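My notes are below the structure.

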Amino acid sequence: MTEYEEHRYDVIIIGAGGAGLRAAIAAREAGMRTAIICKSLFGKAHTVMAEGGIAASMGNANSNDNWQVHFRDTIRGGKFLNNPRMAELHAKEAPDRVWELETYGALFDRTADGKISQRNFGGHEYPRLAHVGDRTGLELIRTLQQKIVSLQQDDEKESGSAEGKLKVFAEVTITELLQDETGTIAGAFGYYRESGRFVVFRAPAVVLATGGIGKSFKVTSNSWEYTGDGHALALRAGSTLLNMEFVQFHPTGMVWPPSVKGILVTESVRGDGGVLKNSDGKRFMFDYVPDVFRKQYADNEPEADRWYTDPEHNKRTPDLLPRDEVARAINSEVKAGRGSPHGGVFLDIASRRTPEEILKRLPSMHHQFKELADVDITAEPMEVGPTCHYVMGGVEVEPDTAAAARVPGLFAAGEVAGGMHGSNRLGGNSLSDLLVFGKRAGDGAAIYVGGLQGKYPNATDESLASAAATALAPFNEQGGENPYTVHQELQQTMNDLVGIIRTRDEVQSALDKLQGYKDRAARLTVEGHRQFNPGWHLALDLQNMIWVSECIARAALIREESRGGHTRDDFPAMSAEWRQKNLVCSIDGDSIAVIEQPIPSLREDLLALFDRDELSKYLTEAELPALTEEPA
Amino acid sequence: MTYLAKFRVWRGDDKGGDLADYKVDVNEGEVVLDIIHRLQATQSGDLAVRWNCKAGKCGSCSAEINGRPRLLCMTRMSTFTEEETITVTPMRAFPVIRDLVTDVSFNYRKAREVPSFAPPANLKPGEYRMQQVDVERSQEFRKCIECFLCQNTCHVVRDHEENKQAFSGPRFLMRIAELDMHPLDTADRQHQAQDEHGLGMCNITKCCTEVCPEHIKITDNALIPMKERVVDRKYDPLVWLGSKIGRRS
């Protein structure tokens, strides 16, 4: 008989980043007894790494901004593959979610008239990102953390118990979702990192807010937690993932020294005037403006430079094209031999802004380069290159409630959910996504639980025993492999073969290798005991990374076109037929099955936000005639 | 550029432990956390260490390197000579869980004792107006990544477990200062700081400022101004008279 600690809640939230904390606040405010389960310490989630800002069309910097413009930018950025309902809800609700943060105590940078300041960012037509210098993610996480504490203080005053209605379980990793015989959610099973002891949460609703998958790739801006846990938990519970072939490589990660390769260099550097240059000193982005973006981006330096101060009369600089375009451009420059000494390109703000301005606007970038690379960004250019940053794909959800497909009681929000960003996410749309859909997931879970009228599903005893046995397997295996070795090989494979540029043969060879890792990962051996044992933790996380990697590779093999975060060298063009389809992954036996599924079409009033000429670049002939004539 | 470095890392748990000696490869540009990771991957798979972002932004990998409180991810190996033995130990002010991982729950308890932001009752979301110059003071303190190195180094608690009850430490005294300086906060923070969080125990030796990886001027900009505000109030004859008459608390 396995020993475990047991808790009962109405809603449990797996993940304590922006989405998880916002979901917890919503669930608690709806009267749910709520538990937040955090893989790290409370307040350390990967959200702290977000630098640039939160996109919300508050119109503080340019009063022409509104939700329709934000929606249009988001759909353009995602190359028309976004779930339109999600993009609509997101654009409409983001301003309220940002203003709400001020009531929790957030202190954003201000405009001259005392409102929240908004900055330019790639793909956003107007300055739209609410920010705090270049540490916006930290402000977001700390604000939500402090709101959770404030709710606990209220509870303590009311009932004498601070943790009675809302409790944070820090350094707990969930390894299985618990379900009843019908597959309905009944809770979750996990372990305390500190002691290795098992813990069971019985609850009728689970919100996944586990973030992304970057640790499957070698060069990544993501932290150790980003092992695709929520993606894999959803799959194993019988739910589906969509758009997994779309992985965002952020164009600007550090490239040197080797130990920091991949660490993010915020897009704000370019938003605030920084430009990309190759080894000839040329601003090469002007050579990479794709047809679909010619109307919005300048084709010469003087106009691009005027745009910073006069955006009404000039087109924007191509340094601020959506991330997929910039990442591919850098990749091409390096391949053509015009890269920087350490295999990146130059990002220069030193020659364009005064040291005072740089220190004021980009303090953490200055700090990061000074401390880690011995580079003073007020005096010399940075060296940057693409880094795995974000997965657009994720759990297939119902947009309004964030309910996951096929599994009653399961919800997902933030990076772990799919659809919102289509094939490519705009910078700044992640933090707003966390807030908008975090709240919706918490509300959705509360409504679902309310509908059960106290009849909560029960997990079977066998499912508990099997969860425990699976978690302990690496201790029982003798003479198996070291999890660190398999992990390193997996990262190298994904980086080399399913990275920023893909071909059929390479992806196929990655799938063959993945089969090998799967077999090896079934026989891992870890040393030591269960107390705070990183080798054991990795052995368990590795299983998730392998499932997720297989989804990415299988979908990448099937989608024979290039769009957003999926570039096939053998199919370099965007295809209007492929635009109509999502690829949906599920588990079938011991491998991943992928099916095609039509994507929901844009409502007429939303379609009318684009002119016919632009639509004709994305949609099929058959979709076009249904349109009314181009608006005057 | 690769060389073999000598490392001594504290291994053990709440029952005790000792320094273990290692020889391990170091490459150009690496930080101490890289070396700890290499030890995990090649020599000691169960070596416990906390870390998340590896970019100095999350404040998880706090420890002591050659006796100095530091972030493992922001300490470059090039700051040591190749001959030097580098000793890595857990933070001393907190109970050890295992190896380099300590129990920092003290900090989360203290965080919950600080009353939250109290905005004006009738101010609606979206109506907040503040000037940049007024938010900047609190913004400096909100750069805090909660690495707790200041809590670890503060001599009021570092070797005085008995003070932990009455003293919240620099991190949370700074949090109170942050709220006090928030342009829209309406609560009385000054009495709290003095009476409930032990501001008076701080004798401004600036150790906290010295170890802060975010270079926040904790002592000069948060603790000393807070002390001045408390003193202004406590010894201002008019305020004293007012409080005697009973109109002010």
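What follows are my entries, taken one topic at a time.

**Entry 1: the model.** I noted at the start that this is a predicted model. I kept that in mind for each entry.

**Entry 2: the interface.** I began where the two chains meet. I found 65 residues of chain B in contact with 66 residues of chain A. The area buried between chain B and chain A is about 5,400 Å². Carbon and sulfur atoms give 51% of that area.

Entry 3: I looked up the charged pairs next. The count between chain B and chain A is 7 salt bridges. I wrote down the one joining B:K57 to A:E51, with N to O at 3.4 Å.

Entry 4: I checked which elements give two or more residues to the side of chain B that touches chain A. They are α1, β6 (96-98), α2, α3 (132-142) and α6 of chain B. The largest share comes from α3(B), with 6 residues. By class, I get 29 nonpolar, 16 polar and 20 charged residues on this side.

**Entry 5: the largest pocket.** I moved on to open spaces. The largest pocket has a volume of about 1,300 Å³. I list 44 residues in its lining. Nearest its centre lie A:K215, A:Q488, A:Q491, B:H37 and B:W51. At least two lining residues each come from α13 (483-497) and α15 (534-558) of chain A and from α1 (32-42) of chain B. Which element gives the most to this lining? It is α1(B), with 6 residues. The lining divides into 15 nonpolar, 17 polar and 12 charged residues.

**Entry 6: the second largest pocket.** This one holds about 720 Å³ of space. I list 30 residues lining the second largest pocket, and A:F42, A:V168, A:A170, B:S105 and B:Y108 are the closest to its centre. Two or more lining residues come from each of α4 (136-159) and β7 (166-169) of chain A, and from α2 (105-113) and α6 (169-181) of chain B. I sorted this lining into 13 nonpolar, 6 polar and 11 charged residues.

**Entry 7: cavities.** I count 7 cavities of 30 Å³ or more. The largest cavity has a volume of about 650 Å³. Its lining has 47 residues, and A:H46, A:T47, A:G211, A:Y226 and A:E415 lie nearest the centre. In chain A, α1 (18-29), β8 (172-179), β16 (382-391) and α11 (429-451) each supply at least two residues of this lining. By class, the lining of the largest cavity has 19 nonpolar, 20 polar and 8 charged residues.

**Entry 8: salt bridges overall.** I picked out the one between the side chains of A:R579 and A:E623, at 2.7 Å from N to O. This pair links distant parts of the chain, 44 residues apart. A:R579 sits in helix α16 (residues 576-579) of chain A, and A:E623 lies in the segment after α18 (612-616).

Methods
Residues are numbered from 1 along each chain as its sequence is written. Chains are lettered from A and ligands numbered from 1 in the order in which they are written. This is a predicted model: local features need pLDDT of at least 70, side-chain atom pairs count only at pLDDT 80 or more; totals for chains, interfaces and linings use all residues. Side-chain values use heavy atoms; hydrogens and water are left out. On a 1 Å grid over the protein atoms alone, a cavity is a set of points where a 1.4 Å probe fits but cannot get out, and a pocket is an open set with protein on both sides within 12 Å along at least five of seven lines; lining residues have an atom within 4 Å of a point. Grid points are joined across faces, edges and corners, and a volume is the space filled by probe spheres set on the points. Helices (H or I, at least four residues) and strands (E, at least two) are DSSP runs, numbered from the N terminus. Ala, Val, Leu, Ile, Met, Phe, Trp, Tyr, Cys and Pro count as nonpolar, Asp, Glu, Lys and Arg as charged, and the others, Gly among them, as polar. Contact means heavy atoms within 4.5 Å. Buried area is the accessible area (1.4 Å probe) that two parts lose on being put together, summed over both. A salt bridge is a side-chain nitrogen of Lys or Arg within 4 Å of a carboxyl oxygen of Asp or Glu.
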